[in-house]
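Thanks, everyone. Let me put the next structure on the screen and walk you through it.

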Amino acid sequence: MADQLIIGGHRFTSRFILGSGKFSLEIVEAVVENGGAEMVTLALRRANLGGEENILDYIPKQITLLPNTSGARTAEEAVKIARLAREINCGNFIKVEVIRDSKYLFPDNYETIKATEILAGEGFIVMPYMYPDLNVARDLVSAGAAAVMPLASPIGSNKGLSTRDFIEILVNEITVPIIVDAGIGRPSQACEAMEMGVDAIMCNTAVATAKNVPLMARAFGQAIESGRNAYLAGLGRVLTEAGEASSPLTGFLED
Amino acid sequence: MRVNGKEVSLDNNQSLMQFLVANQFDVATLAVARNGEIVPKANYDTVILCEADSLEVVRFVGGG
């Protein structure tokens, strides 16, 4: 059976979850298709009076939509946004994002746990965005999270895997899918995270701020697939004290 | 009536659906909270708005 990502009983072939922020609408479809993403994140905001274009018209119909609760500063606000998002009738997935730090945009882990428990109880497939803390990850799983989404570095920073060691601990200890989300800046960083055994990558700014946006989406898709294959293949051992020749050191042309 | 924080005019006995359509909202792609309570889509035709109401009308946008 093909290697699939399973979240809340839903199966995905792609391990690339794409954030749709910072793109012009016209480019969204190209980005989704080049990246091979099967899940796309959206935010919920006030609609403007009098006909405006809608992002849903630019996302291919077979894509799974993942609304987020961005804007929420508390569990209560996150729950309200989630319930509103579900009213738009695009499925039960919700990314819980509760942020009250406006400088680094770090998630409030404890409000996230509260929101996760409420929403999981209401039948949402909850994917909480979190600061990588093992105790919090365990609490999120107990609260009914279908996956956990630890940050690599601050949202929008392109800084990379600053929290590498702590994500690795989650990989070793947490049984639900681990999706690294926020701060990944290069395909190589996404690949590295996948090599560690992370289950999927969520990425937005690194693609949206590239010089050639669809091509960068493709680079990320390839990197994520490559990292996953490397993980499944099993990385070779590392020698720290010496080298080892690839061919025998005998049988040269001249003695 | 307030919609998304702004005062708007309201016809007498206008249902939520009529108001949304008259103001060119694409009903299928949005959600509405009226006075803090989410209005189920099935009720858009039967909820009659009044001047004291405060609506939040939301839709999806790009986000990460």
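Which residues of α6(A) are buried? Look for A:Pro187, A:Gln189, A:Ala190, A:Cys191, A:Glu192, A:Ala193, A:Met194 and A:Met196. Before we go on, a reminder: this is a predicted model.

α6 of chain A covers residues 187-196, and eight of its 10 residues are buried, so the rest of the structure largely encloses it. What does the covering? The cover includes α5 (164-173), β9 (179-181), β10 and α8 (213-233), which belong to chain A.

Now step back to chain A as a whole. It has eight helices and 10 strands. It has 255 residues, of which 47% count as buried. Its C-alpha trace spans about 85 × 40 × 40 Å along the principal axes. For the radius of gyration, a compact globule of 255 residues would come out near 18 Å; chain A has 20 Å, which agrees. On contacts, take pairs in chain A at least 6 apart in sequence: 63% of them join residues at least 24 apart.

Next, β3 of chain A. This strand runs over residues 16-19, and both of its faces are covered. On one side sit A:Phe16 and A:Leu18, and on the other A:Ile17 and A:Gly19; all four are buried.

Which strands does β3(A) pair with? One of them is β10(A), residues 200-203, in the parallel sense over three bridges. Another is β4(A), also parallel, also over three bridges. Keep your eye on A:Ile17. In β10(A), it stands opposite A:Met202. In β4(A), its bridge partner is A:Met39.

Three strands form an open sheet in the order β6-β7-β8, with parallel pairing. β6 (93-96) and β8 (149-150) stand at its edges, and each has a single partner strand, so one side of each is left without a neighbour in the sheet.

How many bridges join β6(A) to β7(A)? Four, and the two strands run parallel. β7(A) covers residues 125-130. For a landmark, find A:Lys95, which stands opposite A:Met127 in β7(A).

A helix lies over these strands. α3(A), residues 109-121, lies across β6 and β7 of chain A. It runs at about 180° to β7(A).

On to chain B. It has one helix and five strands. Along the sequence, the pattern reads β-β-α-β-β-β. Buried residues are 25% of its 64 residues. Its C-alpha atoms fill a box of roughly 40 × 25 × 20 Å along the principal axes. A compact globule of 64 residues would have a radius of gyration near 11 Å; chain B has 11 Å, which agrees. For contacts in chain B with a separation of 6 or more, 62% come from residues 24 or more positions apart.

Last topic: where the two chains meet.

Strand β4 of chain A, residues 39-46, is joined to β5(B) by five bridges. These two strands run antiparallel. To place one bridge, find A:Arg45, whose partner in β5(B) is B:Arg59.

How values were computed:
Residues are numbered from 1 along each chain as its sequence is written. Chains are lettered from A and ligands numbered from 1 in the order in which they are written. This is a predicted model: local features need pLDDT of at least 70, side-chain atom pairs count only at pLDDT 80 or more; totals for chains, interfaces and linings use all residues. Two strands pair if DSSP finds at least two bridges between them. Two residues are in contact if their C-beta atoms, placed from the backbone, lie within 7 Å. Axes are lines fitted to C-alpha atoms, for helices over the stretch in contact, and angles run from 0 to 180 degrees between N-to-C directions. The radius of gyration is taken over C-alpha atoms; the globule rule is 2.2 Å times the number of residues to the power 0.38. A residue is buried if 20 or more other C-beta atoms lie within 10 Å of its own, exposed if 12 or fewer, and partly exposed in between; C-beta atoms are placed from the backbone.
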